[in-house]
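This briefing concerns the structure shown below.

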Amino acid sequence: MPRYPRADGRLDFKSLTLDEIESEIAGLGSEKFRALQAYKWVWQRGATTFAEMKNILTSVRAAMDERFYIPVLACDGVLESADGTTKFLWRTDDGYAIESVLIPDGDRLTLCVSSQVGCAMACTFCLTGDLGLKRHLRPSEIANQPLQIRAGLAPGTRITNIVMMGMGEPLHNFDNLVAALRTYLSADALGFSHRRVTVSTVGLVPAMQKLTELLPVNLAVSLNATTEEQRLAVMPITRKHSMAELLEACRTLPIMHHKRITFEYVMMADFNDAMEDAARLFLLLGGMKTKVNLIPYNENPSRDIKRPSDQRVYDFQTFLVERGVQCSVRHTRGIDISAACGQLGKADSRSATDWFSRNRVIGPRGDGAIGCASG
Ligand code: SF4
């Protein structure tokens, strides 16, 4: 795993695994258990300096400080929607802007996390695709999003679910994603249940197979079409991995023994919202333990794509439900702050609120934004 050294040679503590930290600390001449102590300080208590780790000897803290740095994302602002959705605008230490979106829904509080700056997948309906890929996020940058937001929540409130559906294709940044997921799932770090963590993908078949062999997280596949031609028209990845190959892989994933795979379906008017599409989708998913999540397209001025009528969406859903398919409609959230699916990447931080200072302040502030939503 890359260690992301700074110019002064110090390593990114939050991008290292506990094993790697243990071996680094052994190299400093300290006891191995100091690594776990520092790891818990950082991931469970949100420490941003070694100086605050009071149960570690001063000399060991000083040695750690010479060997590692503890990165935080600078918060450029927080946008709050009338419907309770909150978008966080972050700045990486090399100046890139990324976003996370916090979505309350009943007793759930779901955080949508970014995995890349921009995206190489170029799905035609998605604003992040327009940016191209700037760079992969480091493990620390992926895991800092829930860590820093969690620390700013009001007492008694907690993030219940993580979805890797923000900016970027998570499986394109495979090694860093897996490292960050391990941090999410570790009882010594963020401690999320694997049932509460979902990775969304356009369908990078080999990486899907590898991920499900490594970790028991949920998988969501962004399908968005019912024929190869239709999918190719909106998702260039279809040229590399056909829909037939993708669906065959889904049928044989190890995860299928104990979980349902979710298929995301962005509904675009007069493109993929006909009853013929519903019928084809039903046949395509036959024999799989699945959930279908219909996402009525969120219009924006840069695209000539229309949202289907509510009736059309209802009929499509009803067709599937009547045939035994578990199918829900994702209600649009955060549209007034450009936090809805497919809308990320056009945030304006001028309307940012003082969310952190109303709760607990973390990190420096600045200006700017960006982001996306995979289906
Ligand atoms: S939908 Fe997801 S994979 Fe497609 S371009 Fe947007 S961020 Fe990338």
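In this predicted model, the centres of domain 1 and domain 2, taken over C-alpha atoms, are 33 Å apart. According to the domain assignment, domain 1 covers 11-69 and domain 2 covers 74-358.

**Contact between the domains**
- Domain 1 contributes ten residues to the contact, and domain 2 contributes 13 residues.
- On the side of domain 1 that touches domain 2, helix α2 (residues 33-45) gives the most, with four residues.
- That side of domain 1 comprises four nonpolar, three polar and three charged residues.

**Sheet**
- An open sheet with mixed pairing is formed by ten strands, in the order β3-β4-β5-β6-β9-β10-β11-β12-β13-β14.
- The edges are held by β3 (74-80) and β14 (326-329); each has a single partner strand, so one side of each is left without a neighbour in the sheet.
- From one strand to the next, the twist averages 20 degrees.
- Strands β12 (residues 261-267) and β13 (residues 290-296) run parallel and are joined by seven bridges.
- V266 has I295, in β13, as its bridge partner.

**Packing of helices α5 and α6**
- Helix α5 (residues 139-152) and helix α6 (residues 174-185) have axes that come within 8 Å and cross at roughly 35 degrees.
- The crossing of these helices, α5 and α6, is right-handed.
- From α5, the residues P139, I142 and A143 meet N176, L177, A179, A180, T183 and Y184 of α6.
- Sorted by class, the contact of α5 with α6 has seven nonpolar residues, two polar residues and no charged residues.

Definitions and conventions: Residues are numbered from 1 along each chain as its sequence is written. This is a predicted model: local features need pLDDT of at least 70, side-chain atom pairs count only at pLDDT 80 or more; totals for chains, interfaces and linings use all residues. Axes are lines fitted to C-alpha atoms, for helices over the stretch in contact, and angles run from 0 to 180 degrees between N-to-C directions. Helices (H or I, at least four residues) and strands (E, at least two) are DSSP runs, numbered from the N terminus. A crossing is left-handed if the near helix is turned anticlockwise from the far one by less than a right angle, and right-handed if clockwise. Two residues are in contact if their C-beta atoms, placed from the backbone, lie within 7 Å. Ala, Val, Leu, Ile, Met, Phe, Trp, Tyr, Cys and Pro count as nonpolar, Asp, Glu, Lys and Arg as charged, and the others, Gly among them, as polar. Two strands pair if DSSP finds at least two bridges between them. Domain bounds come from an automatic or database domain assignment.
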